[in-house]
Amino acid sequence: MFDHPSAGVVAAEKGNERLELRYGKLILATGARELFLPFPGWTLPGICGAGGLDAMARGGLPVSGKRVVVAGTGPLLLAVAAHVAARGAKVVAICEQAPLRSLIQFAGRMLGQPAKLAQGIRYRWAVRAPMYFGCWPVEARGDGALEKVTLRTRLRRWTVTCDFLACGFHLVPNTELAQLIGCRIEDGLVAVDEMQRTSVENVLCAGEPTGIGGVEMAVIEGQIAGLAAAGALNEAGKFVPRRRKMLGFVRALREAFVLDPELRRLASDATIVCRCEDVVYGDLRRYSGWRDAKLQTRCGMGPCQGRICGAAAEFLFGWCVEGVRPPAFPVLVASLATASTVSEEVQEGS
Amino acid sequence: MREEMRPVLLTVNGRSVEVAEGTTVAAAVLISGAPTRRSVSGEARAPLCGMGICFECRVAIDGRPHQRSCQIVCAAGMDVRTL
């Protein structure tokens, strides 16, 4: 889906074909992406997201016998380490940027959710690698591909050799489609009521775009949204207390894995921030805002449309990244041309 | 009875690559040893997000450019070209 030309119509592309879909109710379930923070060398092949490596291993990338460093923040790190270890990878280090005390507090708050806590412990048990806290990669090096990564804690700095660095600093909700449709966004999240309805009529939203809460919560929200969209509000209401109960987990996640401000100093002037257009940190920090930087440097104007560098820029510079316009994803010119004709027709008819 | 994993044969930059059924094109490209693309300043790049967001994995498949290879499963006889 790349456009929402008018109420009740979405434009999508499948293969070479442009689809025009008419809806009575629309449920957005766009999920989240990982937050990537630039550091010297992070564009080398062999460096990918934490969830990124997991996804690629599931997609057939052989990791057996490979040396893997898992870094970043959030409960995903342990899950990824356990998953790739199960596929034969040698996990050499797990680096969590949050301090140990945050993790202990987080575990304490998870006592109310023993299933999640047990899962975390199982994952940790499955991996023999040392886990470091207040730790992150500061530099990666290699000739054409990753060979070694330098890690730091407050007390020391050391270098490990590895084939993969799986590094993700938790999640960023995918709110682009909701923004395109005009749904109200609050604190970076799609605002919904208890029935998962957004501020736009007939448009609902479920899962991570309404708050990062993991798969169980997303499933509950999906059930509420589905039932509410079908008009079964009473049925949907039965799931609402279960969702409310999980809001504590959302809050605990947000508080435990808050990013260390030191991470803002990871990039050097020569570090690429925008990978699509190869715009470096030194060129960006001269500007006062996202729009200015975008116009002057092409930052965020490549095919990912700022999905990677925009989120990084929000953290690095405190910029407000906004201005989603169709097409929300790159599409064929033919799809665009048809889309504009259709939207005109609809306007004329209305 | 478990079904045998059938290998899929495709080409990456003209070289034959054999992968297990269900393997993504991105994984096949990495197995072949090639980066997926060169950046605008000439750096070798490989997939970052693995979920169709970052566009680092884009390659040409059967002549159609800019395909997100991490979201496409290999098919027999596919002609994959890295950029």
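**View 1. The interface of chain B with chain A.** In this predicted model, 28 residues of chain B are in contact with 27 residues of chain A. On the side of chain B that touches chain A, two or more residues each come from β2 (15-20), α1 (25-32) and β4 (44-45) of chain B. Of these elements, α1(B) gives the most, with four residues. By class, this side of chain B has 18 nonpolar, seven polar and three charged residues.

**View 2. The packing of helices α6 and α8 in chain A.** Two packed helices are described by the angle between their axes and the distance between the axes. Helix α6 (residues 214-229) of chain A packs against helix α8 (residues 240-256) of chain A at an angle of about 150°, and their axes are 10 Å apart. Because angles over 145 degrees count as roughly antiparallel, α6(A) and α8(A) are described as roughly antiparallel to each other. The crossing in which α6(A) passes α8(A) is left-handed. From α6(A), the contact involves A:G214, A:E216, A:M217, A:I220, A:E221 and A:I224; from α8(A), it involves A:V240, A:R242, A:R243, A:M246 and A:F249. These contact residues comprise six nonpolar, one polar and four charged.

**View 3. The two domains of chain A.** The domain assignment of chain A gives domain 1 (3-33 + 172-256) and domain 2 (36-169). The centres of domain 1 and domain 2 of chain A, taken over C-alpha atoms, are separated by 29 Å. Where the domains meet, four residues of domain 1 of chain A are in contact with eight residues of domain 2 of chain A. The side of domain 1 that touches domain 2 has three nonpolar residues, one polar residue and no charged residues.

Key
Residues numbered from 1 in each chain as written. Chains lettered and ligands numbered in written order. Predicted model: local features only at pLDDT ≥ 70, side-chain atom pairs only at ≥ 80, totals over all residues. Contact = placed C-beta atoms within 7 Å. Nonpolar A, V, L, I, M, F, W, Y, C, P; charged D, E, K, R; others polar. Axes fitted to C-alpha atoms, helices over the stretch in contact; angles between N-to-C directions. Parallel < 35°, antiparallel > 145°, perpendicular 65-115°, else oblique. Left-handed = near helix turned anticlockwise from the far one by under 90°. Domains from an automatic or database assignment.
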